[in-house]
Amino acid sequence: MDFALSEEQELFRTAIRKYMTDLGKTDIARSIIDGKLESITRVTSGLAEMGISAIPIPEEQDGLGLGALDLVPVFEETGRVLLPGIQLETLALAVPLLNAYGTQVQKSNWLTKVATGESTISVAWYEQNRGLTPKSFSAIAAKTTSGYAVTGTKTLVSVLGNPDIFVTAAQTAEGKSLFLIKASDVASQKILPGIDETQQIAQLTFDQAPAELLGEPGEAAQMLDNALLHFNAALCSSMVGGMDELVHTTTEYAKIRIQFNQPIGRFQAVKHGIVNMKLDLETARSLSYYAAWAVENNTEDKETAVHSARSFVSKAYIKAAADSIQLHGGIGFTEELDVQLYLKRARYYENYFGSVRDSRKKAARALGWHTKSTKQHPVPVS
Amino acid sequence: MNFTFTKKEEKFRGELRAWLETNLPTGWLEGDRQLPKDPQHYSQFLRDWQRALYEGGWAAIAWPKEYGGRDATLMEEIIYHQEMVRVQSPPLINYIGIHMVAPTLMQMGTDSQKDEFIEKILTGEQVWSQGYSEPSAGSDLSAIQTMAVKKDGKWVINGQKVWTSFAHLADRCFLLTKTEKSEGKHDGITVFLLDMHQPGVETVPIVQMDGHQEFNEVYLTDAIATDADVVGEVGKGWKVLIALMLHERSGIAAQVFTLEQQFDRVVDMAKSVQVCGVSLMEDPFVGDGLADLYTRINGAKLNYYRNITHTLKNGKPGPESSLDKLLVSELTKELFDFAMTIQGHAGILMAEDALFDSDMQGQYLASFGATIGGGTSEVQRNTIGERILGLPKDLGR
């Protein structure tokens with residue numbers, strides 16, 4: 001029995017935390033709100049210098065060939081400071097997709113560039129008024145002499161740091177399929193107002209955009225489902241990092257904030273509130289570690305592990321931020337404190353590439369709770 | 001990160017499984033797990049079970065070999081609890097004697113105390129209770145008022161204990177008393193190994209809300225103890241108490257695995273029970289709620305694993321066990337609360353008339369004890385807040 005990150009992984013955590021502290025913790029996130037988008041480029045190259053963008057890339061593409069567990073400290077520490085950008089989308093969604101389904105050419109074109117920090121990739125999946133698992137897409141991919149041309153509109157695309165390519169999905173004769181489209185071939189991009197102002201989400205329009213097929217046509221949903229196991233495990237780590245910071249700052253505040261001649265942390269109403277946050281944090285961390293372990297080891301229970309983690313951590317993150325606002329009192333409700341930024345990030349992630357309900361359903365199905373087709377007996381009249 | 005067991009650990013599990021298969025009470029493995037209803041037979045049944053464990057070498061695996069134990073590792077203890085929960089083994093009547101009293105005596109008892117008590121605890125010949133709580137001292141043990149006064153060379157003890165588990169079946173009591181009125185709350189406490197079979201000791205069972213009787217009130221009226229019954233030094237009982245509490249190192253394991261098993265039973269119920277011809281599981285409310293409970297129960301188990309890893313690496317447990325205790329007991333309550341809700345109107349009936357073939361309603365009622373016994377959830381939250389997060393202590397403590 002050894003349910004802990006390795007010493008190397010913890011050392012890596014220390015290094016990333018130092019780097020994030022040197023960057024001023026949430027300063028980068030706040031700089032996005034102020035419109036200073038260029039700060040992301042500096043972070044991206046800094047992370048690449050530390051070798052972070054090379055972690056999930058195979059050695060053949062100049063990566064480190066490491067696994068999901070090695071990303072845990074990375075995303076916990078970037079999540080702790082609400083680092084904006086598309087590290088999650090690139091490293092935990094696009095890379096697993098390219099790793100699993102890319103051709104040799106696609107891999108050497110793109111993965112090498114991701115490893116060195118030259119490139120970032122985002123994923124354009126959602127369409128307006130449709131969920132994560134639509135029956136079909138209104139975006140259409142038509143065959144051309146050299147490949148495909150995609151026409152349609154995608155929304156909720158994370159675009160901070162100017163990704164070079166988008167993994168997108170469109171309808172073909174064979175069904176929903178995945179494509180790679182260069183950012184330079186996007187017809188128009190409109191930034192949408194989002195609840196989390198430290199991120200940038202956009203609506204993208206493609207007009208006959210040249211597109212490379214990724215994987216087999218008609219398999220987009222299955223491919224995304226598989227890659228989302230990586231993404232959700234990483235997302236959980238990011239949220240756990242945020243929760244950890246919330247517990248830490250709330251605890252410290254309760255120790256120094258004096259009311260009725262004593263620190264408020266002495267009052268059980270406050271103390272127990274923080275303890276409840278701590279309980280959720282530890283459960284979230286255990287579930288997220290296990291999810292990453294299951295993904296890395298490709299275990300039979302990986303779907304249950306990842307989706308149960310995602311459903312719990314999403315909710316717990318929102319609750320931790322909400323409770324932290326309450327425990328900070330009046331100051332907690334102001335823009336001055338970071339707490340509100342964590343709440344907005346938690347809400348942003350809640351329904352980003354899935355939801356609590358989706359995850360619970362997937363976990364239940366993976367546990368085999370639902371019989372294939374229960375014949376619904378007519379309800380007796382009595 | 002590694003969740004596999006070593007070959008040695010698997011061999012240990014295999015041996016225990018094989019032993020359980022041949023030695024559990026007749027019919028037990030097949031699901032006939034009735035314990036005798038009347039106290040006399042109940043006591044005898046459980047004493048026989050402990051005797052069987054003793055003869056098989058499974059009564060106290062964590063004890064040193066010289067005292068009849070196996071010097072079991074922490075992982076072996078965990079496996080032991082897993083296996084015992086798996087077969088839903090009969091309860092250990094001398095839990096207090098084995099897990100708390102005897103290890104404390106090994107550490108700080110006199111030679112004659114060791115000779116007189118340790119083997120009898122192991123064989124089940126002598127059942128122990130612990131006399132801590134009092135009507136005015138529950139979680140705050142330093143507020144006890146039971147007095148022991150030296151008179152003609154003997155200790156005369158007067159007072160009242162409450163929530164004394166197993167007292168109605170016990171031969172001896174690990175009794176906490178005051179031997180002097182003192183300034184410091186932790187001073188003047190003395191621990192006695194009290195003989196329960198004497199006129200000055202009266203035991204009155206307390207009937208719980210689920211109809212069971214596991215606790216008692218114990219009235220002490222001029223009960224007698226001798227100097228030979230004192231553990232450690234007179235007036236230094238607080239030290240003994242702390243030592244005793246540290247001995248229960250793997251107690252939470254049994255609860256973690258029991259909770260997991262109880263959850264599986266609720267899932268079985270949701271799959272097999274039909275309302276209007278549709279299984280409960282097909283109701284989205286049920287599926288969603290169960291997925292949520294599954295996740296949190298699994299999270300509690302994984303927390304436990306993480307804390308065990310920490311203990312294995314550091315050699316001793318930390319305050320994280322409060323976290324495990326709190327989570328597991330709260331989840332036990334929530335699980336049966338949910339089990340009640342999803343049964344609908346059929347959940348009104350109890351026992352053999354219950355909708356499901358197990359007694360969910362009984363377990364629901366019993367679950368209220370989980371967040372009170374062994375330190376209330378409020379006390380656990382204080383411990384976590386103060387010892388893990390470093391928040392200031394409540395005034396007055």
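Predicted model: local features only at pLDDT ≥ 70, side-chain atom pairs only at ≥ 80, totals over all residues.
Start with the size of the interface. Put together, chain B and chain A bury about 4500 Å², and carbon and sulfur atoms make up 65% of that area. On the chain B side, the residues that give up the most area to chain A are B:M1, B:R306 and B:L389, which together supply 17% of what that side buries. Counted by residues, the contact draws 49 from chain B and 46 from chain A.

The rule picks out 7 salt bridges across the interface of chain B and chain A. In one salt bridge, the side chain of A:R360 meets that of B:D288, with N to O at 2.7 Å. Residue pairs in polar contact between chain B and chain A come to 18, with both partners at pLDDT 80 or more.

As for which parts of chain B do the touching, the elements giving two or more residues to this side are α7 (251–272), α8 (284–314), α9 (320–343) and α11 (377–388) of chain B. Of the residues on that side, α8(B) brings the largest share, 19. Sorted by class, the side of chain B that touches chain A holds 25 nonpolar residues, alongside 12 polar and 12 charged ones.

Terms used: Residues numbered from 1 in each chain as written. Chains lettered and ligands numbered in written order. Heavy atoms only, no water. Contact = heavy atoms within 4.5 Å. Buried area = accessible area lost by both parts, 1.4 Å probe. Salt bridge = Lys/Arg side-chain N within 4 Å of Asp/Glu carboxyl O. Polar contact = N/O pair within 3.5 Å; in protein donor to acceptor, adjacent residues only side chain to side chain. Helix = DSSP H or I, 4+ residues; strand = E, 2+ residues; numbered from the N terminus. Nonpolar A, V, L, I, M, F, W, Y, C, P; charged D, E, K, R; others polar.
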